[in-house]
Amino acid sequence: MLLSKVNYRLFFNQNCSLCKCYPACIDGLCEGCHADLPWTLFACSICGLSRCHPSQPCIACQKQHFAFDQTIAALEYRFPLISLLPSIKQRHSLHHLRWLAKLLATRIKDLDTTLPDALLPVPMHTVDQLRRGYNQAAVLADELGKNTAIKVMHTRLCKVKRTHHQHDLNADQRRANLSGAFSLRGKLPKHVAIVDDVMTTGSTLHEIASLLKQHGVERVDAWVIARTPQRDHD
Ligand SMILES: [Zn+2]
Ligand SMILES: [Zn+2]
């Protein structure tokens, strides 16, 4: 018996997660929306900023040492991410993380890089997480874990100090703000990836990567959906 149109959609495909047209044929999006996303092309392998030369450390990264070894960002933090990602935090539109995680997982697989042994979501302070009701980085890490078959460690990394928003601060203030903000519990594998939705200055990921390396982790990758395009490092 032929499947009805409704059943066909249920079993084989879905509507595009952005424009709602049918069908969503690539990672939950239609071809047009997928092609129009602000893809990161020719990004620096360490800081993830778009550069002229693909996969090589940029001049800034050759001068300044980030504690993480590699950044994989699927997209640049521009339209539609600039409205979509805050909406995930503010309006609980968590379903968007599903297709965004698929898209990032596809990018990671395409890069043919050595995969980490565990994923560590950037934690929120308990008070902030209770207020919001969830940590979007943890939800993203779970979706990435499903797509890559890598285990997610939710309790190894904790945020023990409440911090101010980084973008309001200068470089010295950012360092002071993050100092002592995170702590580790239990054993960790030698190669991990820290997972977050957006990488802006890289300060938070640097702070966490420094802590991980002080505790014996040998390689730390940063996996983010989007990277803020900018010329200067903090
Ligand atoms: Zn679409
Ligand atoms: Zn760089």
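1. Helix H5 (96-111) buries His96, Leu97, Trp99, Leu100, Ala101, Leu103, Leu104, Ala105, Arg107 and Ile108. Buried means under 20% relative accessible area, with exposed over 50% and partly exposed in between (1.4 Å probe, protein chains only). Helices are DSSP runs of H or I, at least four residues, and strands are runs of E, at least two, numbered from the N terminus.

2. This is a predicted model: local features need pLDDT of at least 70, side-chain atom pairs count only at pLDDT 80 or more, and totals for chains, interfaces and linings use all residues. Residues are numbered from 1 along each chain as its sequence is written, and side-chain values use heavy atoms, without hydrogens and water.

3. The cover over the buried residues of H5 includes helix H2 (31-36), S1, H4, H7 and S7. Leu100 shows the packing: beyond neighbours within four places in sequence, Leu100 is in contact (heavy atoms within 4.5 Å) with Leu75, Leu81, Leu84, Leu85, Ile88 and Ile225.

4. H5 has 16 residues and spans 23 Å from first C-alpha to last, close to the expected 22 Å. That expectation is 1.5 Å times one less than the number of residues. Asp112 follows H5, with a positive phi near 55 degrees.

5. The largest nonpolar core has 32 residues. Such a core is a set of buried Ala, Val, Leu, Ile, Met, Phe, Trp, Tyr and Cys residues joined through side-chain atoms within 4.5 Å. H5 gives the largest share of this core, eight residues. Domain 1 (1-36) and domain 2 (39-227) both contribute, so the core lies between them. The domain bounds come from an automatic or database assignment.

Notes. Chains are lettered from A and ligands numbered from 1 in the order in which they are written.
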